[in-house]
Amino acid sequence: MSIETLTKSVRNIPDFPIPGIQFKDITTLFQSAEHLKELSEILFDQYKDKEITKVVGIESRGFFMGPATAIKLNAGFVPIRKPGKLPYKVIEETYTKEYGEDAIQIHEDSLDKNDVVLLHDDLLATGGTMVAAYNLVKKLGVKKIYINFLIELEDLEGRQHFPSEVEINSIIKF
Ligand code: AMP
């Protein structure tokens, strides 16, 4: 299956959730068994040789492909969640989104110096969410961090906010 086919299955919703945002709806991508399998295989191929020990997914759309990818890579899964959701001791980062302000948290004992992490979310827009997630994971002192998105909005140049040595992959580009 071509990337173009995957790209065409993402539904664009103009002015959602606020005027001016072209919202990329991934439910139309996920509802096809063939598309879901293709995404899963692309992700596996990209990271199968990286010795990933934990996939870290960002709430909430990072929870769709995150655990599925972890299972294929024989890795664990760690959630990054919005404040008030994680029950144990957390560390937190605040950030600015394409629309609005937000904060994210991770359990302080969820990763350690032996972990090779694949940080995953559905979409890279301004990069604010993933930079905050990258900073959180870095604070836990892991061995290496890879970053992956299903979709990248290239015009917003979110990549420029990450250190140049970090490997960032996206599957579908708009
Ligand atoms: P950002 O922090 O600006 O890179 O925004 C990324 C996060 O916000 C991701 O978790 C996305 O789910 C969501 N998001 C931002 N912009 C869009 C968009 N245009 N369409 C769909 N989701 C978006």
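Strands β3 (residues 54–58) and β7 (residues 116–124) pair in the parallel sense, over four bridges. The model is predicted.

Now widen the view. The β3–β7 pair belongs to an open sheet of five strands, in the order β4-β3-β7-β8-β9. The pairing is parallel. Which strands stand at the edges? They are β4 (76–80) and β9. Each has a single partner strand, so one side of each is left without a neighbour in the sheet. From one strand to the next, the twist averages 20 degrees.

Move to the β9 end. Strand β8 (residues 144–152) runs parallel to β9, and five bridges join the two. Phenylalanine 149 has serine 170 in β9 as its bridge partner. Is β9 mostly covered or mostly open? Strand β9 spans residues 168–173, and five of its six residues are buried.

Helix α3 (residues 33–47) lies across β7, β8 and β9. It runs at about 155 degrees to β8. Helix α5 (residues 128–139) lies across β3, β4, β7 and β8. Its angle to β7 is about 165 degrees.

Where are the cis peptide bonds? One runs from phenylalanine 16 to proline 17, with omega near 0 degrees. Proline 17 lies in the loop between β1 (11–14) and β2 (22–25). Another cis peptide bond joins glutamate 59 and serine 60, with omega at about -5 degrees. Serine 60 sits in the loop between β3 and α4 (62–73).

Positive phi values also turn up in loops. Asparagine 74 is not a glycine, but its phi is positive, about 60 degrees. This residue is in the loop between α4 and β4. Is asparagine 74 buried or exposed? Its relative accessibility is 72%, so it counts as exposed; the cut-off for that class is over 50%. Glutamate 157 is another non-glycine residue with positive phi, near 50 degrees. It is found in the loop between β8 and β9. With a relative accessible area of 48%, glutamate 157 is partly exposed.

Technical notes. Residues are numbered from 1 along each chain as its sequence is written. This is a predicted model: local features need pLDDT of at least 70, side-chain atom pairs count only at pLDDT 80 or more; totals for chains, interfaces and linings use all residues. Side-chain values use heavy atoms; hydrogens and water are left out. Buried means under 20% relative accessible area, exposed over 50%, partly exposed in between (1.4 Å probe, protein chains only). Two strands pair if DSSP finds at least two bridges between them. Axes are lines fitted to C-alpha atoms, for helices over the stretch in contact, and angles run from 0 to 180 degrees between N-to-C directions. Contact means heavy atoms within 4.5 Å.
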